[in-house]
2 protein chains.
Amino acid sequence: MRGFIKVTFQPLGQSVYVPAGETALDAALEGGLELHTPCGGHGTCGGCRVVFVSAAPEPTREDRTHLSESEIEAGVRLACRAKLADDSVISVPETTLRKDSKFLLHGIMREVALRPSIEKIHLRVTEATLEDQRADADMLMDGLKALGREATLSHAALGCLPGALRAEGHNVTAVMDDSEVICVEGGDTSGALYAVAFDIGTTTVVGMLLDLNTGAEVAVAARTNPQVSYGDDVVSRISYAGDGGLGKLHGAVTGCVNEIIDDLAKEAGISRRSIYQAVLCGNTTMSHLFLGIEPTYVAQAPYVAVFRGAVRTSPAAVGIEISPDGRVVVLPNVAGFIGGDTVGVMLAADFAHSEKLRMAVDIGTNGEIVIGTSTRMLCASAAAGPAFEGARIRHGMRAAAGAIETIRIEDGRLVISTINDEPAVGLCGTGLIDAVAALLDAGLIESTGRLVSADEIPDAPEDLRRRLQVNSTGPIFVLADPETDGAARQVALSQRDIRELQLAKGAIQAAITILLKEYGVAAGDLDEILLAGAFGNYISRESALRIGLLPDVPPERITQIGNAAGTGSKLVALDKGLLEEAERLSLDARYLELAGRADFQGVFAESMMFP
Amino acid sequence: MRGFIKVTFQPLGQSVYVPAGETALDAALEGGLELHTPCGGHGTCGGCRVVFVSAAPEPTREDRTHLSESEIEAGVRLACRAKLADDSVISVPETTLRKDSKFLLHGIMREVALRPSIEKIHLRVTEATLEDQRADADMLMDGLKALGREATLSHAALGCLPGALRAEGHNVTAVMDDSEVICVEGGDTSGALYAVAFDIGTTTVVGMLLDLNTGAEVAVAARTNPQVSYGDDVVSRISYAGDGGLGKLHGAVTGCVNEIIDDLAKEAGISRRSIYQAVLCGNTTMSHLFLGIEPTYVAQAPYVAVFRGAVRTSPAAVGIEISPDGRVVVLPNVAGFIGGDTVGVMLAADFAHSEKLRMAVDIGTNGEIVIGTSTRMLCASAAAGPAFEGARIRHGMRAAAGAIETIRIEDGRLVISTINDEPAVGLCGTGLIDAVAALLDAGLIESTGRLVSADEIPDAPEDLRRRLQVNSTGPIFVLADPETDGAARQVALSQRDIRELQLAKGAIQAAITILLKEYGVAAGDLDEILLAGAFGNYISRESALRIGLLPDVPPERITQIGNAAGTGSKLVALDKGLLEEAERLSLDARYLELAGRADFQGVFAESMMFP
């Protein structure tokens, strides 16, 4: 019986047992290492060089063709030709590893392969002669075939082919989208290969520039979605789109995306023409508007979207200024009010492979909540309104310089901090939640949401009592005063503000309550709560628990995962396999329509109370 | 052992032997009959009704659901459910046959299936409810799936989907290109389904409007290719394209195609938006220019094209005004000087299935010649120049009213006929060949091409002698005179004209000679010569043989097949399977480059002589 031998790969130390006679390339694959083999492992390209630290096999004919005598002497071999006879230690140079080597994306705990659908392949194409008059395109396709790649050419690629072929003596770089050549460039341009990933929020659009050769995020930029001038929330935009404004809303968001692309390219010092793919996600309405598709029926019962699945289109069809030969991908939606941004969160948090019971909460103008494991997922949407983003709050503002963002009561005195430590000018969403949590703790807000008056708490510390005032709008609590707190102006929390917050948190809390009930679990069963979105990233976990926005779990089970929706887009750009995963998630996650439920109003009313 | 039974289908009488227990649907398929089975043969649509003339099986549950009692009584059964037990005779109503029933295309001897890649499917889509919130696109795809069609939707189709769905109560017509929905229309628009098929000639562009529901050619129109103002032949156009004129040439030909589409739509009284496909062919240069692809290298050794294979693109990418959601297909080329028009001829003449040894000759500004059987094909191109189209001939003109098109000598007198019987104003290509053939027979032109003088033939009839004159250009033969023949002006054949014709026919004859030699056969071995192209259609076979333009075969072996290139485009529009056949033909036909051959000049010089 043929024996098994042990092969250890450096520098990571993976060991595998393989039958003697197997090649080092196969052994590496078993060890999870994908080597660079443009020729498909046929010994013709010399790409899969490895160094035998021990037990180097006899050099093969192909080794002698591709390697120098001193390399052979040093134990270098082509992995695809090297047959293993004995236990070996093999060192794999970084240049031999395929770009797919695993890496960790900061902010979320998910490893993905760097395996973009967009690739560049540099090759030397055979020149035609009177004896071999193959067309340019056939020559290129035959050249790619020799590298193990079956390909077709797009019409656009044919346009640039003859010039590119003859620019540098038939040395060209083919830009591929999977098996289609979408563009051909003269010479070796393989170093310049970028994609952009976007999260199109109702309020903010965030874009990232990705170097597809390294997987690195080279630049990030954000801008306010200019659609806000047509309405703060999705429902008002849908209504505007239905009144003939679809073109304007589409133009506004694509214009914003183009400005961000411009920002990113400038920051990284690259040409926009070397960006060959844009992957975008957004809530269902944002995705529709970005693609120029009428979202009218999302806002009318029974609230259906035009499309659910991922959409692939061209830069020209949406008006995006990357390489005109590039590709545009929009992540799939789940339902009318659970969009590709939530699918992006599920991708980033790896719901497809999670055995733990988790809940992801993305709080924005709309709140989207997903609960589940890889085998069962439920999701729902809650119309929180813009309170968390500072709107409809008397002194509310976005999270910008001068916004009060944390509030504590220490030794009977109110302690606030502002963004950039500037004099207080207003209150952002995180500050709002902190304020209410602190006042609840201090007994200044009752569980019904009522703000007590100073008279009712004669024994309370003076610094708190003096802040309880009444103005023309009714009772208020002064958070920062120009005279006593050095604020830029008086910033107060009003009774009305508290009611707005109760409505917003009530909507989310109700959705969470119903999801838990439908899933058949209690809050305590949750292994983890993932807080996504810019707002979720800055919120105080304790305050969120205090006001009942999040269900009752130990604070350490709450993880803030940042702009996970944007990360979802990014992952799809980096690993083409994830688009299929996104598609499956969008089908597997069952959407719970709260509007149709008999129990919703009751749960919502209860949820408006504070714990 | 289970026995075989005999099933005979009416009205055509096909008989097949199948195992007992097989369904009538399967038996029909074996007999080459495709029945109408939108549900995929699952007994749910009732589409595959047939009438058992004998041995009707017991009616099934599905029969009772879909058929009336009197129908069952009359032997009607659903073919997909009817299990055959005994020898049967089954009558297939025309309505049960799929649209693919065979039919004959006039002008060429080839039957094709009506199986266009563009189809319309009318269906009622399920309306969403709060309990079933599937997106519009998912509802449509699920509806199509129920009809046995797996489909995806293009971005453009998503754009028109919500409006179309709600225009007529979720009654829609999906326009499909194979498995992709490219457009959705409200209500039942399945009656309006058209394609255009084009032959883009160097001189003339011909377009046909096809009703894809019936396969009928509803209108045909032709216009002069406006590129002629940038040069008469492909080489001068390639040169102009290389000097920055590519955009102009592209715009000229697409403008012409659009005008023809407009002509066709007006003639048929249909909207251009109901034309969903354009299939085009042309010589390699015309195909490149139509697609906006630089043809420069076609004209420089080693004469290579940018593309060989078929190109699929969008109306917007080429600027063609059919439905913006439609598709454009350009037939594959063979080589730089054998284009999609020749592949069209090969398709029309069914070279892929021919066992006879045939030669197809398409004479235009360029002559393309193919010789072979289905198992071996050789082709070559001959630069005939524009003589056959009347250019460079002193009194030459295109085949238009007043052109002399036939010439005979009867009883010592010259007899001519003109197009539309109008007074002679010039000489078209067919007339030129007739004239030279007649003068060769009468001994007025020698085999070297020399025109004799009247003095040399004192005994010849006076009507011929008086026509032999000398003018400032040299010797001429007057074909029509205003005074004696009622011509509009003097039309004469000059010695120079004869030299031009010798060059043109010499090029084609030389190519034919070398092809026969390479193929290893003699002219007499040819079972058939197919003459394609407008010129080939009107030429006198006897005159063509007389001057040596065609190799020496009995005239009855010469068949004129009209605009076979255009027919090739038409066939691809009608039967999607033929694009693959075209692709195979374009790879299988070996191109013989005459420019590189040592024997070419010698054969060419000999070929200029007359037999």
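A:F600 and A:F604 are both buried, meaning under 20% relative accessible area, where exposed is over 50% and partly exposed lies in between (1.4 Å probe, protein chains only). Keep in mind that this is a predicted model, where local features need pLDDT of at least 70, side-chain atom pairs count only at pLDDT 80 or more, and totals for chains, interfaces and linings use all residues. Side-chain values use heavy atoms, leaving out hydrogens and water, residues are numbered from 1 along each chain as its sequence is written, and chains are lettered from A and ligands numbered from 1 in the order in which they are written.

So where do A:F600 and A:F604 sit? Both belong to helix 18 (residues 600-607) of chain A, four residues apart, about one turn of the helix. Helices here are DSSP runs of H or I with at least four residues, strands are E runs of at least two, and both are numbered from the N terminus.

Now the rings. Phe, Tyr and Trp (its six-membered ring) pair if their centres lie within 6.5 Å; planes under 30 degrees apart are stacked, over 60 edge-to-face, the rest tilted. Over all chains, that rule gives six aromatic pairs. One of them is A:F600 with A:F604, stacked at 5.7 Å centre to centre with 10° between the planes.

Over in chain B, B:Y230 and B:Y240 are stacked too, at 4.7 Å and 25°. This pair links distant parts of the chain: B:Y230 is in the loop between strand 14 (217-224) and helix 6 (234-268), while B:Y240 is in helix 6, ten residues apart. B:Y230 is partly exposed at 26% relative accessible area, and B:Y240 is partly exposed at 24%.
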